[in-house]
Amino acid sequence: MITRFSIFKFIFSVCLLNFLFAQDEEDQGGVSPSQDLYISFDQTSGNTNNLVTGAEYIFSLVGDMGSLKDTEFSFSLAGNYATLEETPYALDGNIHTQFDLWANQKYSPFFFYDYSFDRSLGLINRTDFGIGGKIRFGKIFSLSYAYMFEEEEYDSVETFSRHSFRPKVKLVLADGNFFFDYRAFYKPRVDDFEDFLLENILVLSIATFYEALSVDVTLKHSYNSKYEGDNKVLKPLDEWESQYDPDYGDYVAKETFYKDTDLSVSIGFSLAF
């Protein structure tokens, strides 16, 4: 079983690797590092008190790393937090690191580590180790497959394996001033294809008057078959919705179930440095 202590050790190791690569930048002439920081913030007060915050940091190295030619190392950290009338209704985060060999060639093997949580979905944590490969079809389209070893915790902890199929479309237009990235993930369990995760992500990035600053629009759609159809799972009592009861003359809590589909749209600024 993957312990939280081992996860923290892994995160520390990745951050240390990030620092060491940054320090050796001058000695790694064939390596091109990049960093991106995305921040979003929205607050309303008065008749409605609402707070929505989000942030994402991405670090990557692309190039020749010793005997490893045309290789990419990436690390990302993201999270969101939102409250309504000082009551949290969204709390999620994700840590992802990946190593791609021959990243820009027609065939590219890779492996990755991913840790995520989403309290609004009842997901306490999900940890994945995956290994797979990618094939490119021209400069725009690519298709990848990965075999993942997963530990997932909702009410209890389960350990199993998943497939991951991911088509991707990437376009860079107007001399790099407009960026379009669409990718879809289909992740069925190896032992049960009716138990699956589905995610669609569309990112539009538009350059501004300042070269390192861009406006990013991100659309996300996710589906979890765990909550599909008759698979009704109740939320915790403190997350139940309220409904006015004329007989009682007040608002009362009503049973609220997790939904199988989530949609989100976010607009913010991304700073490359």
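In the predicted model, K106 lies over the face of Y107, at 5.7 Å from the ring centre. A charge is taken to sit over a ring if NZ of Lys or CZ of Arg is within 6 Å of the ring centre and within 35 degrees of the ring normal. K226 is likewise placed over the face of Y154, at 4.4 Å from the ring centre. Residues are numbered from 1 along each chain as its sequence is written. The model is predicted, and local features therefore need pLDDT of at least 70, side-chain atom pairs count only at pLDDT 80 or more, and totals for chains, interfaces and linings use all residues, while side-chain values use heavy atoms, with hydrogens and water left out.

Confidence is expressed as pLDDT, the predictor's confidence in each residue, from 0 to 100. The protein chain averages a pLDDT of 85, and 89% of the residues score at least 70. Helices (H or I, at least four residues) and strands (E, at least two) are DSSP runs, numbered from the N terminus. Over residues 1–12 pLDDT stays under 50, and for this segment the model has 15 contacts beyond four places in sequence, a contact being heavy atoms within 4.5 Å.

The structure holds 11 aromatic pairs. The rings of F137 and F141 form a tilted pair, because their centres are 5.8 Å apart and their planes stand at 35°. Rings of Phe, Tyr and Trp (its six-membered ring) pair if their centres lie within 6.5 Å; planes under 30 degrees apart count as stacked, over 60 as edge-to-face and the rest as tilted. F137 counts as partly exposed at 43% relative accessibility, and F141 counts as partly exposed at 33%. Here buried means under 20% relative accessible area, exposed over 50%, and partly exposed in between (1.4 Å probe, protein chains only). Ring pairs also link Y145, F165, Y186, F196 and Y223 into a cluster.

Side chains of opposite charge can pair when their charged atoms come close. With a salt bridge defined as a side-chain nitrogen of Lys or Arg within 4 Å of a carboxyl oxygen of Asp or Glu, the count comes to nine salt bridges. One of them joins E152 to R126, with the closest N and O atoms 3.0 Å apart. This pair links distant parts of the chain, E152 lying in strand β7 and R126 in strand β6 (residues 123–137), 26 residues apart. E152 is buried at 6% relative accessibility, and R126 is buried with a relative accessible area of 11%. A network of salt bridges links R126, E150, E152 and R162.

D181 is found in strand β9 (residues 178–189) and is buried, with a relative accessible area of 6%. The side chains of K168 and D181 meet in a salt bridge (3.8 Å, N to O). This pair too links distant parts of the chain, with K168 in strand β8 (residues 157–173) and D181 in strand β9, 13 residues apart. K168 counts as buried at 16% relative accessibility. R183 forms a salt bridge with D181, the closest N and O atoms being 2.7 Å apart, and R183 is partly exposed, with a relative accessible area of 23%. Leaving aside neighbours within four places in sequence, D181 is in contact with K168, V169, K170, I201, L202 and V203.
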